[in-house]
Amino acid sequence: MNTRFPTRIHRLELGTRSIDLLAPVNPDVLLDDPEVRKRYHADNYMPYWPIIWPSGLMLAAKVLSDQTSPPALPPKPPAEPGAKECSLNRKSKTENRKCIDLGCGLGITGIAAALRGWHVTFTDYDHEAVQFAAHNAARNGVPEHLIRPQFMDWRNPLSEKFPWVLASDVLYERRLHPLLLHAVSCLLAADGIAWISDPQRTSAEDFPLAAVEAGFKVQTENLSPPPSPSFSGGVQNGHLYILTRPCVK
């Protein structure tokens, strides 16, 4: 992959699975980039995408190890002997396995979902981030047809629905929570589920209440670091916020 700055490979041990991520050697060099400075003055943009965030590792490890829905693929109906699968059925199965990664960064969480067989749309507010995420997915053996890199602003989300929405380490600023909840509300299917992880930041303490006020049902689970972390970012616990839509009778 051709980039405008030096890169290195991080090998991350997530339980029984290793994932390699290509990343900039020094993310701080982006702070001096003229385009980054321009975007910062225009929209308070900060280049957080090159960093391997702790709760991204925790969520990826859970996705890889969790055997319950949504990480478990929907069951396939038994095929009739000698019957050919029609294109409509193939499309239906793909729709049931669609997943979107919000603020994908280097792609660790979406890669974990794709390794479980999900069709993952990697989205970020930075074009370079989605390029790195797609490259990293391919580097880890994810088939090309399971990957879709897509620039996306939470203020203008895609006009489609997903049964599974993923986001990790995106609750670092309270001012962004309404934008994230707006995006999730637009993107989440009626019976879908959103997994949002955070490394127990104080800025995320009010997020569950904000999500409820936005019309979601919220559950909170504790997340533990991977059993054999191999990343210098340190070891810490986290929270997983599980958002669903209330049942309408």
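Two residues are in contact when heavy atoms of each lie within 4.5 Å. The structure used in these exercises is a predicted model.

**Exercise 1.** State which residues of helix α6 are buried, and find what they pack against.

*Solution.* 
Step 1. Helix α6 spans residues 177-187, and its buried residues are H177, L180, L181, A183, V184 and L187.
Step 2. These residues lie on the same side of α6, because they cover an arc of only 160° around the axis.
Step 3. An α-helix has 3.6 residues a turn, so residues three or four places apart point the same way.
Step 4. The partners of this buried set are the strands β3 (98-102), β6 (162-168), β7 (188-198) and β9 (238-244), together with α7 (207-213).

**Exercise 2.** Describe how F5, W49 and F132 are linked by ring pairs.

*Solution.* 
Step 1. The protein has seven aromatic pairs.
Step 2. One of them joins F5 and W49, with 6.4 Å centre to centre and 45° between the planes.
Step 3. F5 is in the segment before β1 (7-14), while W49 is in the loop between α1 (34-43) and α2 (54-65), 44 residues apart.
Step 4. W49 also pairs with F132, again tilted, at 5.1 Å and 50°. F132 belongs to helix α5 (residues 127-139), 83 residues from W49.
Step 5. Buried means under 20% relative accessible area. F5 has 10% and is buried; W49 is buried at 5%, and F132 is buried at 2%.
Step 6. The ring pairs therefore link F5, W49 and F132 into a cluster.

How values were computed:
Residues are numbered from 1 along each chain as its sequence is written. This is a predicted model: local features need pLDDT of at least 70, side-chain atom pairs count only at pLDDT 80 or more; totals for chains, interfaces and linings use all residues. Side-chain values use heavy atoms; hydrogens and water are left out. Buried means under 20% relative accessible area, exposed over 50%, partly exposed in between (1.4 Å probe, protein chains only). Helices (H or I, at least four residues) and strands (E, at least two) are DSSP runs, numbered from the N terminus. The arc is that of the directions from the helix axis to the C-beta atoms. Rings of Phe, Tyr and Trp (its six-membered ring) pair if their centres lie within 6.5 Å; planes under 30 degrees apart count as stacked, over 60 as edge-to-face and the rest as tilted.
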